[in-house]
Amino acid sequence: MKNFDDYLDYLYGRGSSGEDHTLRNIIRVMEAFGNPQDKIKVNHVAGTNGKGSTAKMLANVLSKNLKCGIFTSPYMVKINEEISINGVDISDEDFCDLMDRIRPVAEKCDKEGYHITYFEFLTAMVYLYFYEQKVDVAVIEVGLGGSLDSTNIIKSPIASVICSISMDHMNVLGSTIEEIAANKAGIIKKNRPVFVYPQTSEKAFEVIKEKAKVEDSELFTFNKNEIKIKEISNKGNIFDFKSYKDIQTSLRGKHQIYNASLALMVLDYFKDDFNLSEEDIKDGIKETYNPGRLDLVSTNPRVLLDGSHNKESIDALLESLKNFDYDKLIVGFSILKDKDHKDIIKEIASLSDKLIITFIDENPRALDTKEIKKEASDFASDIVIIEDNKKAYEYSLKQAGEKDLVLWCGSLYLVGKILSFIEK
């Protein structure tokens with residue numbers, strides 16, 4: 001392979017597992033490298049919403065005193081973002097070197113009837129890289145679900161962290177909240193503590209509690225009324241939680257207060273082990289940035305990017321919009337067809353003064369723009385379709401007056417595309 005793009009083509013070309021999720025393939029790859037995943041300290045993070053933000057808060061604080069690796073997905077602009085140590089993304093050279101070494105093992109597995117998918121290959125790279133770089137600790141975000149996600153090959157994480165759970169990816173994880181919760185709870189391991197976001201579904205929480213009991217895992221959670229919210233604005237939040245006073249998040253939205261509280265519980269538990277001061281914890285949480293999540297990327301005109309793509313996260317986005325003053329809301333939008341798109345389109349279209357629909361190209365799961373328009377037309381009168389993402393984004397900027405707000409949302413893939421235009 002000649003250049004980085006060739007490596008990426010090879011990696012993407014390995015495809016996904018569809019609905020056939022299993023750990024048997026990744027087990028074979030990791031055994032060939034001596035199971036590096038079991039030689040590092042891992043915080044394992046699962047959940048439907050908030051896991052990326054929570055993972056980034058954890059890693060940002062742990063990086064204050066330690067060499068801390070973090071794996072999150074999907075990336076926004078470049079795949080290197082997914083694998084990072086103390087805020088520095090993996091280099092192209094290291095990325096390609098890992099691929100060169102894992103490739104023969106993966107191809108041997110393929111021949112033996114154990115096809116290694118894109119995400120399994122990437123997971124092997126992550127664990128091998130963090131082990132060889134001698135990280136003190138790693139924060140690993142689950143790709144999908146929990147029990148059969150390839151990241152879940154770790155035998156004994158130092159902690160399992162379960163964020164907010166709601167209905168998403170039902171084709172793989174199950175059609176009820178209990179089935180989805182059981183899948184996420186698959187990351188709970190024997191005698192290892194588990195930290196749980198206050199679930200809106202009592203049924204989901206009961207499933208997690210039962211799994212923790214079976215595994216003899218101490219369970220930590222909190223009640224939202226334990227938090228004293230002092231300020232929510234379009235700049236971030238200020239709140240008190242337990243003994244921690246005036247905690248600030250630069251991440252916008254009320255939901256980030258709860259994500260930060262979950263991260264705080266984990267960090268407080270490990271503060272002596274990792275020599276973390278209260279100042280380290282508070283600074284790390286305040287400095288955390290998660291691109292494409294209520295991300296104000298421009299002030300003239302004001303442009304807000306948000307990758308919300310399921311009912312719960314869209315509701316959080318709509319709640320957060322109340323903190324912004326604007327005359328007109330100009331919305332750029334697209335969505336994948338395997339999402340709960342009817343309800344989401346209704347919510348977004350009803351709020352928009354102008355709706356610009358574009359197509360998520362290079363994604364077979366993209367919902368057709370004409371279908372989006374058809375679903376939106378009962379709730380919005382000013383709708384335009386511009387298939388090309390860049391032209392659609394440029395058009396949205398031209399529509400905005402000084403007091404208007406441009407919002408791009410509906411898909412992390414789309415938001416990543418918009419971010420790449422801005423960075424260029």
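Biologist: What should I know before I look?
Modeller: This is a predicted model in which local features need pLDDT of at least 70 and side-chain atom pairs count only at pLDDT 80 or more, while totals for chains, interfaces and linings use all residues. Residues are numbered from 1 along each chain as its sequence is written, and side-chain values use heavy atoms, with hydrogens and water left out.

Biologist: At what angle do helix 2 and helix 5 pack?
Modeller: Helix 2 (residues 24-32) and helix 5 (residues 118-132) pack at about 35°, their axes being 10 Å apart; axes are lines fitted to C-alpha atoms, for helices over the stretch in contact, and angles run from 0 to 180 degrees between N-to-C directions. Helices (H or I, at least four residues) and strands (E, at least two) are DSSP runs, numbered from the N terminus.

Biologist: And which residues meet there?
Modeller: N25, I26, V29 and M30 in helix 2 meet E120, T123, A124 and Y127 in helix 5, where contact means heavy atoms within 4.5 Å.

Biologist: Switching to the sheet, in what order do its strands come?
Modeller: Three strands form an open sheet in the order 9-10-11, with antiparallel pairing; two strands pair if DSSP finds at least two bridges between them.

Biologist: Why is one side of strand 9 and of strand 11 without a neighbour?
Modeller: Strand 9 (227-233) and strand 11 (244-249) stand at the edges, and each has a single partner strand, so one side of each has no neighbour in the sheet.

Biologist: How many bridges join strand 10 to strand 11?
Modeller: Four bridges join strand 10 (residues 236-241) to strand 11, and I238 stands opposite Q248 in strand 11.

Biologist: What lies across these strands?
Modeller: Helix 9 (residues 255-270) lies across strand 9, strand 10 and strand 11, and runs at about 45° to strand 10.
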